[in-house]
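Student: I would like to learn how to read a protein model feature by feature. Could you take me through one slowly, giving the idea before the case?

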Amino acid sequence: ATSATSATSASPASASCKPSTYPSVQWTVVLETSQSDRLTAYSAPLLADLNGNGVLDLIVATSSGKLHRLNAKTGKPLEFGKIRMAGEVQADLSVEDVTNESSNLNIIVCDMKGNIFCFNHNGISMWDVNVGGQIPSGPTLVRRGADVNIHVVTSTGHLWSLNGKDG
């Protein structure tokens, strides 16, 4: 007679728990709170060195329409103006020097009320436009030489192409 061993049986040494291979938490921060509203960050965080100082910034938009700028290494909130969009932000943010006015980057933000804003690295609005409809997905930026075009599609089915310098 042949004996069979179970493939599911394990020796005591192989049954022991192994240390976690998950990364450790570097930092955590509460962006904002509300007693009355459910606040959510739908869009992906944006990571960029906005002002060319060698420090990565982390930009996060929330359903309240606020934009938050944090030091990506420490999580410390950084000065970023008082940006609050008219509608909630669900679209991913985009970054590029669209105005070609300096070596600093601009942030393009779209909200669910059809607004598209271009902010400079300090959170100051460079231009804005309302295209109507909701904008649930992030803009696509296309550079051709010194010119940058910003493309967005709205919930009404319209595709918009804007000049990055002035919207």
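The dialogue below goes from the chain as a whole to its sheets and then to single residues.

Tutor: Please keep in mind that this is a predicted model, in which local features need pLDDT of at least 70 and side-chain atom pairs count only at pLDDT 80 or more, while totals for chains, interfaces and linings use all residues. Residues are numbered from 1 along each chain as its sequence is written, and side-chain values use heavy atoms, with hydrogens and water left out.

Student: How many helices and strands does the chain have?

Tutor: Helices (H or I, at least four residues) and strands (E, at least two) are DSSP runs, numbered from the N terminus. In this chain there are zero helices and 10 strands, so that the elements read β-β-β-β-β-β-β-β-β-β from the N terminus on.

Student: What share of the residues is buried?

Tutor: A residue is called buried under 20% relative accessible area, exposed over 50% and partly exposed in between, with a 1.4 Å probe and protein chains only. Of the 167 residues in the chain, 35% are buried. A further view of the chain comes from contacts, which are heavy atoms within 4.5 Å: among the contacts with a separation of 6 or more, 38% are between residues 24 or more positions apart.

Student: How do I read a sheet, and in which order do the strands E4, E5, E6 and E7 lie?

Tutor: Strands of a sheet pair through backbone hydrogen bonds, either parallel or antiparallel. Here two strands count as paired if DSSP finds at least two bridges between them. The order is E4-E5-E6-E7, in an open sheet with antiparallel pairing. Strand E4 (94-96) and strand E7 (125-130) are at the edges with a single partner strand each, so one side of each has no neighbour in the sheet. On average, neighbouring strands of this sheet are turned by 15° against each other, direction ignored; the axes behind such angles are lines fitted to C-alpha atoms, for helices over the stretch in contact, and angles run from 0 to 180 degrees between N-to-C directions.

Student: Which bridge partners does Phe119 have in this sheet?

Tutor: Strand E5 (residues 106-110) pairs with strand E6 (residues 115-119) in the antiparallel sense over four bridges, and there Phe119 of E6 is the partner of Ile107. E6 is also joined to E7 by five bridges, again antiparallel, and in E7 the partner of Phe119 is Ser125. The hairpin of E6 and E7 has five residues between the strands, and in it Gly123 takes a positive phi near 85°.

Student: How many aromatic pairs are there?

Tutor: Rings of Phe, Tyr and Trp (its six-membered ring) pair if their centres lie within 6.5 Å, and planes under 30 degrees apart count as stacked, over 60 as edge-to-face and the rest as tilted. The count here is one aromatic pair. Phe117 and Phe119 form this stacked pair, with 5.4 Å from centre to centre and 5° between the planes. Phe117 is buried at 18% relative accessibility, and Phe119 is buried at 5%.

Student: How many disulfides does the rule give?

Tutor: A disulfide is a covalent bond between the sulfur atoms of two cysteines. The rule used here asks for a pair of cysteine sulfur atoms within 2.5 Å, and by this rule the count is zero. Cys110 is buried at 1% relative accessibility, and Cys118 is buried at 0%.

Student: Where does His121 lie, and which residues does His121 touch?

Tutor: His121 lies in the loop between E6 and E7 and is buried, with 14% relative accessibility. Leaving aside residues up to four places away in sequence, His121 touches Leu50, Asn51, Arg69, Phe80, Asn104 and Leu105. A polar contact is a pair of N or O atoms within 3.5 Å; within protein, one must be able to donate a hydrogen and the other to accept it, and residues adjacent in sequence count only if both atoms are side-chain atoms. The side chains of His121 and Asn104 are joined by a polar contact of 3.4 Å.

Student: What does the side chain of Asn71 reach?

Tutor: Asn71, in strand E3 (residues 67-71), is buried with a relative accessible area of 16%. The side chain of Asn71 reaches the backbone nitrogen of Lys73 at 2.8 Å.
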